[in-house]
Amino acid sequence: MDPSPTAPSAESTAADMEVLVVVLAFAEGVHLDACLASLREQTHAKTTFALVGTAETLAAKPAGAFKDARIEAESAPAICAAANGLADQWEHFDLVVFVRDDVRLAPDAVDQACLAVGETLAGAVGGKVYAADGEDLLVEAGMSADRFGVPFSRLEGFELDQSQYDVRRQTLYSSFAFLAVRGPLLAAVGGFDTVMRGPGNDLDLCWRIRIAGEDIVYTPGVRVWRTAEPRDSEEIRDLAGRNRVWMVAKNYGPLRALLFSVEGVLLALAAALAAMVQGRGEEARHAFSAHGWAIASLRTLLRDRRGTQRLRTVRDGAVVKFMLGATARFRTRSDVREAEGGGGLGRAVANLVRALGGRWLIVAALLVLFLLLAGRHLLTGPLPAFGRLGPPDQSALDYVRSLSGHWQNVSVGSPSPSSPILFLSGLAGFLALGSVQLAQRILLVLGVAAAAWSCARSLRPLLGHTASRVSAAVVYALGPLLWNALADGDLGVVALAVLLPPIARRLACVGGLPAYEDGAPLMRRKLELVALTALACAAEPATIWVVFVVLGGWAAGSVLAGGAHRSVLALWAGVQALAGAFVLLLPWSFSLLQGDGAARAFAAAPTEIPFLDLIRFDTGRFGGTVLAFGLLALALLPLLLARNDQLAWAIRWWGTAIVAFFVTWMVGLGFLPALGRANVLVLPAAFAFAVLAGLGVEAIRRNLPEFQVGVQQPLSVILVLLGVAGLVSPLAAVPAGRFGQPETDWRASLSWQFDLAADEGPFVTVFLGASVPGDPIPIGDDLYISTAAPGGPSLQDLWMPRTTDGAARLADDMALTAAGRVPFAGRLLAAYSVRYIAVGRGEDELVRTLTDALDLTLQQEDDSGILFENKSWRPQVAGTESEVSAASRSPAEEASTPPPPASSGWEFDPPSTWKGKTDTHVRARVTYDGSFRLETDGEEIEPEKAGGWAMQFATAPDQDARLVLDAGPLRTIVVVIIALVWIVTLGGMIGLRSSDDQQ
């Protein structure tokens, strides 16, 4: 028989339809009188009635209007199976209406059903069902179910009918309160499943109707009132559980049937274990009874499944799209109590999940809990000075004052204003109860969670389903790259990881790329883009190259996917955003472009990483296993399944990933300048893989059901499993509780220098080797230096503009020292006030070279490394080349030099002009316009020759020395102007947003 019979012809009007009304006496006739009374009042003329019930029900009620259509069932749960006794009559009726015996119908209910079928050509229709105790209290307006067949009403509890559901719409199914099916279609699908007993027959029948390619429509014109609550008992709940298992195994396609059946068994196992722990053995037995019954009836199940699959003219997606999520029972109240089947444990879990705000909030809470566990010791113990992680050494107020109060003074002096990150750190400290260190701990431990939230929120226009966005966020958060950044102490990468997703979203919006045409004012999006880019550049100057990598990848992908013109618009928007960020970050950003070494402010120590290691993000402690290649497999999923705009975006993000990998690889090989650290340059690829993972999950939900059963289904499962396996790297960080960071570091082992500096005055410590903390400067092949104030690296030693002549000269002299070309290395470094040289573990060649220097002595050796002290650390002659000084003075002359006087501890802080003899230590914070000079015996010494001697602090040589610092008004003017620019930018952004919201 044709599974999709011809719909009623256009000439067949509603009034001409032959209708068979079948009363299902589930309530065993208790409320049958009210039902019969409403049936006698039906206005539809061509109506025949039939009654299906137990022998007791049929004997208690006279035949009346039922005539000979009386079908006897062996029990109430078997009524639907017995109704198949009318199967030979179904195709002779245009419409067959099933109603329970505990409802009463509106007089025009049958007429309205006929009208809806005639107008919509639907296979089945249902209507409004009202509560027994109120005329206008709705309990059903079209039914849905989760993927395991648990039925739910779309209503939020019992709703008052205020015409909110007075529109016809598609629905998954309608209950037996009123279900009208076209007669020929009912015969074609075989009526009811004779194996199923009890609740669930209505859903099973409608499910098969949808498999046959027919629609099921909710029509508000059909009104039905319940005269009693549905019956409930332990037997009914057990039968409902059996029917759900039967429907899942029978009605789904092969892949979904297998996956959901296995998942159902696992859920039953969990419920059984919970019941056994609580001492409820009977409940534990019931948890598996449904699956055991299905297995015992496997032959019958396979027979029924073959019959159902022969009806199929559409894929599972045509049914699944009307279902709720797998855990929807925890968020939606069902008025079908007998279908809950969850017991006390199920209701307890439902209440808990509902109270916590839903399943995705629980996923976020679990991620935060995992991060707190992995970084627990960093929350309670001291923060290490490791990599680019520098503990703060000032108060929040001091860092806020850095914007206008004083200027950055790191390395051997900096004629530049303080980095904006210091000011932002101070603001964060105020928000964290006045503690900059607490703010830093929060960013360190919860920065990955913030990046995950930022990722999920920024992908809303592209990924419509929450599961897809959560999948992308999880891949972003648990990928090896961010964990390598944490292990390297690189808070700049963590901050950029939080800001990159919203930056990418606004680039797409301004460019008008598909899925991101949100209609928001263009100027608002541009202002948001400028502000976000400025914040990102403040935390990580290499953001400049990251933006170009993202846009370059989009442009390359658009050549294949289309939309090249819009990608060019996005590229132009990125250039505008960087220009705006340059203005907002003045005067600091201007300092990055002056001087011979200005490019170093954007660069970093290049690291050569094999290409195969790059594509699995093996840039540090994490990602080194073969499993990390699973992320690459997961990123291939959207190329296999995605379509239309989502396929185009998959190609664009693959372009970004390829460009990021290629640029990072070329930088490591030395074919490109050192644009940034490897973790920074490859970050766009990590975000691209997260987006691709989300696109893959979205494609599985949308497109996979439309494919014929073939290679796509098993290949998708394999790719997803490989992707999940690629996220196991962070598990290695949990036992230690430090994100892979060391327990000992230079900051701890050099803490005694604080007291020394307080007694004898400030000095500089240089870190030398292949891996040094802070912001390293390259001085040779795989050899770098960084400098710090007493006590080791701190927050102020990061993000420094390495553009000064003093820093360049120190780098040259340290290169001579590391090469062993200077016998008196300490005297060479004295002009920069370098008192200590720290070398990490494993640098045996450097240790031997420094040991051979005549004026360097081994001071300390511990787990952090080896520390050498410079016996000639105080500058002796200002204004002469340090190399000449080192070569011209003998040890005897050095010994005869009188020691410098003690320090008075003065500090100079502009804006004022200070002049005085250098018989005291003066820590000079030099203004960015270079308004300082050093005079020795009345002769002015040029700043580049004075080097670090003048810019750090002065000791008293034999000459009459004078240090003059002038703070002009330019600094204050620039700060005020930039503050006004920020106010205008943020004010315009807020004003445009408010105007848009009002519209």
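Which residues in α18 meet which residues in α21? I opened the notebook with this helix pair, working on a predicted model.

**Entry 1: α18 and α21**

I listed the contact from both sides. From α18 I noted Gln 440, Leu 443, Leu 444, Gly 447, Val 448, Ala 450, Ala 451, Ser 454, Cys 455, Arg 457 and Ser 458. In α21 they meet Leu 491, Val 494, Ala 497, Val 498, Pro 501, Pro 502 and Arg 505. By class I recorded 12 nonpolar, 4 polar and 2 charged residues for this contact.

I then looked up the geometry. Helix α18 covers residues 436–458, and its axis comes within 9 Å of that of α21, with a crossing of roughly 20 degrees. Angles under 35 degrees count as roughly parallel, and α18 and α21 are therefore roughly parallel to each other. The crossing in which α18 passes α21 is left-handed.

**Entry 2: α19 and α31**

I turned to helix α19 (residues 466–478) and helix α31 (residues 683–702). Their axes are 8 Å apart and the packing angle is about 150 degrees. An angle over 145 degrees counts as roughly antiparallel, and α19 and α31 are therefore roughly antiparallel to each other. I noted a right-handed crossing of α19 past α31.

On the α19 side the contact is made by Ala 467, Ser 468, Ser 471, Ala 472, Val 475 and Tyr 476. On the α31 side I counted in, among them, Phe 687, Phe 689, Gly 694, Glu 698 and Arg 701. By class this contact has 11 nonpolar, 3 polar and 2 charged residues.

**Entry 3: Arg 701**

Not counting residues up to four places away in sequence, Arg 701 touches His 465 and Ser 468. Ser 468 is 233 residues from Arg 701 along the chain, yet their C-alpha atoms are separated by 8.9 Å.

**Entry 4: α22 and α24**

I compared a further helix pair, α22 (residues 522–539) and α24 (residues 564–584). Their axes come within 8 Å and cross at roughly 60 degrees, and that makes α22 oblique to α24. The crossing is right-handed.

Lys 526, Leu 529, Val 530, Ala 531, Thr 533, Ala 534 and Cys 537 are the α22 residues of the contact. They meet Ala 573, Gln 576, Ala 577, Leu 578, Gly 580, Ala 581 and Leu 584 in α24. I recorded the division as 10 nonpolar, 3 polar and 1 charged.

Most residues other than glycine have a negative phi. Ser 163 is placed in the loop between β10 (159–160) and β11 (169–170). Phe 617 lies in the loop between α26 (611–614) and α27 (630–635). With a relative accessible area of 2%, Phe 617 is buried.

**Entry 5: Arg 169**

I moved on to Arg 169, which is found in strand β11. Arg 169 counts as partly exposed, at 27% relative accessibility. Beyond residues up to four places away in sequence, Arg 169 touches Ala 141, Gly 142, Ile 216, Val 217 and Tyr 218. I also looked up Pro 220, which is 51 residues from Arg 169 in sequence and 9.3 Å away in space, C-alpha to C-alpha.

**Entry 6: the whole chain**

Of its 999 residues, 56% count as buried. Among contacts between residues at least 6 apart in sequence, 77% join residues at least 24 apart.

Conventions: Residues are numbered from 1 along each chain as its sequence is written. This is a predicted model: local features need pLDDT of at least 70, side-chain atom pairs count only at pLDDT 80 or more; totals for chains, interfaces and linings use all residues. Side-chain values use heavy atoms; hydrogens and water are left out. Axes are lines fitted to C-alpha atoms, for helices over the stretch in contact, and angles run from 0 to 180 degrees between N-to-C directions. Helices (H or I, at least four residues) and strands (E, at least two) are DSSP runs, numbered from the N terminus. Angles under 35 degrees count as roughly parallel, over 145 as roughly antiparallel, 65 to 115 as roughly perpendicular and the rest as oblique. A crossing is left-handed if the near helix is turned anticlockwise from the far one by less than a right angle, and right-handed if clockwise. Contact means heavy atoms within 4.5 Å. Ala, Val, Leu, Ile, Met, Phe, Trp, Tyr, Cys and Pro count as nonpolar, Asp, Glu, Lys and Arg as charged, and the others, Gly among them, as polar. Buried means under 20% relative accessible area, exposed over 50%, partly exposed in between (1.4 Å probe, protein chains only).
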